[in-house]
Amino acid sequence: DNALYIVATPIGNLGDITQRALNILQQADLIAAEDTRHSGRLLQHFNISTRMISYHDHSDERQVDSIIAKLQAGTSIALISDAGTPLISDPGYGLVKKAREAGVKVVPVPGVSAVITAMSAAGLPSDRFSFEGFPPHKSGARKQLFASLARDARTLVFYESPHRIVDCLKDLAAEFGEDRPLVMARELTKTFETFLSGGVAQVLEQVLADSNQQKGEIVLMVSGYRKPETGDELSPEAEATMKVLLEELP
Ligand code: SAM
């Protein structure tokens with residue numbers, strides 16, 4: 001059966017490719033890739049010689065229409081992105097939408113995505129989370145977004161570039177408070193995989209102290225808003241009395 005296959009590829013460790021992904025990439029008539037040179041190296045590693053064409057979300061209408069026409073004519077096409085799952089902060093949305101509208105069969109071939117990989121090992125509440133993609137590049141817009149999310153109870157997941165990580169953590173501290181629990185996952189599945197965790201200010205401190213933490217690929221996860229437990233409306237005097245009483249408790 002011909003179809004448009006949406007194929008996930010590794011985000012670092014090549015061992016994370018699935019058997020099914022390899023079969024589909026081998027058997028497809030064409031592979032549509034975001035960057036054919038980059039994906040060429042991956043395919044070469046796995047000895048896959050399927051012909052490639054280029055697709056990105058800025059591809060002009062004619063090119064998208066020509067891919068749809070090929071699918072309608074019975075060609076099987078596998079879509080891949082540079083890393084991880086297509087459409088997740090990566091190209092593919094326009095193509096999948098058009099393919100579905102045209103009645104073309106679209107088949108997911110799942111695998112790695114950085115958001116799920118990071119969440120699976122962060123140790124933050126994972127029952128509900130919101131994937132926020134890349135925050136805006138400019139501080140003003142970024143702070144505005146963070147302010148709108150500051151009282152969200154769900155864990156928030158962001159992708160961030162190493163060039164903006166320090167400024168982004170500063171803005172997170174400003175809008176979420178310095179003590180909001182945060183986990184920064186870096187270089188997932190690769191040699192220098194690291195998880196930093198603590199309050200936003202603590203993580204920022206670690207990132208500033210070690211320039212290696214300002215390199216590579218990064219997922220930020222911010223714990224959701226929690227109502228202060230005992231009510232922070234206690235006066236400083238009452239707070240002090242409470243502390244003394246608590247120390248006296250058995
Ligand atoms: N489609 C990909 C996915 O499914 O995760 C995401 C592509 S997006 C253009 C690239 C961003 O994903 C990086 O800037 C980083 O935030 C995150 N990312 C990708 N690979 C990663 C890795 N190995 N470790 C940490 N973050 C990663």
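Two strands count as paired here when DSSP finds at least two bridges between them. Helices (H or I, at least four residues) and strands (E, at least two) are DSSP runs, numbered from the N terminus. The model is predicted: local features need pLDDT of at least 70, side-chain atom pairs count only at pLDDT 80 or more, and totals for chains, interfaces and linings use all residues. Residue numbers start from 1 along each chain, as its sequence is written.

**View A. The five-stranded open sheet.** The strand order is S3-S2-S4-S1-S5, and the pairing is parallel. Strand S3 (51-54) and strand S5 (106-109) stand at the edges; each has a single partner strand, so one side of each lacks a neighbour in the sheet. From one strand to the next, the twist averages 25 degrees. Angles run from 0 to 180 degrees between N-to-C directions, with axes as lines fitted to C-alpha atoms, for helices over the stretch in contact. Strand S1 (residues 4-7) runs parallel to S5 and is joined to S5 by four bridges. Within this pair, Tyr5 stands opposite Val107 of S5.

**View B. Two helices on the sheet.** Helix H1 (residues 19-27) packs on the sheet and touches S1, strand S2 (30-33), strand S4 (77-80) and S5. The direction of H1 makes about 140 degrees with that of S1. Helix H4 (residues 93-101) also packs on the sheet, touching S1, S4 and S5. The direction of H4 makes about 140 degrees with that of S5.

**View C. The largest nonpolar core.** This core has 56 residues. A nonpolar core is a set of buried Ala, Val, Leu, Ile, Met, Phe, Trp, Tyr and Cys residues joined through C-beta atoms within 7 Å. Val7, Ala78, Leu79, Ala118 and Met221 have the most contacts inside it. Helix H7 (residues 165-176) gives the most to the core, with six residues. Beyond its neighbours within four places in sequence, Val7 is in contact (C-beta atoms, placed from the backbone, within 7 Å) with Ala21, Ile24, Leu25, Ala78, Leu79, Ile80 and Val109.

**View D. Strand S8 and its two partners.** Six of the six residues of S8 are buried. Buried means 20 or more other C-beta atoms within 10 Å of a residue's own; exposed means 12 or fewer, and partly exposed lies in between, with C-beta atoms placed from the backbone. Pro181, Val183 and Ala185 point one way from S8, while Leu182, Met184 and Arg186 point the other way. Six bridges join S8 to strand S9 (residues 194-199) in antiparallel fashion. Pro181 faces Gly199 in S9. S8 also pairs with S10, antiparallel, over five bridges. Arg186 has Ile218 of S10 as its bridge partner.

**View E. The shell around the ligand.** Of the 24 residues around the ligand, Gly84, Ser113, Ala114, Tyr159 and Leu188 come nearest. Two or more shell residues come from each of helix H5 (114-122), strand S7 (155-160), strand S8 (181-186) and strand S10 (218-222). The shell holds 10 nonpolar, eight polar and six charged residues. Ala, Val, Leu, Ile, Met, Phe, Trp, Tyr, Cys and Pro count as nonpolar, Asp, Glu, Lys and Arg as charged, and the others, Gly among them, as polar.

**View F. Two loop residues with positive phi.** Most residues other than glycine have a negative phi. Leu87 has a positive phi of about 75 degrees. Leu87 lies in the loop between S4 and H4. Leu87 counts as partly exposed because 19 C-beta neighbours lie inside 10 Å. Glu187 has a positive phi near 55 degrees. Glu187 sits in the loop between S8 and S9. With 16 C-beta neighbours inside 10 Å, Glu187 also counts as partly exposed.

Key. Near = placed C-beta within 6 Å.
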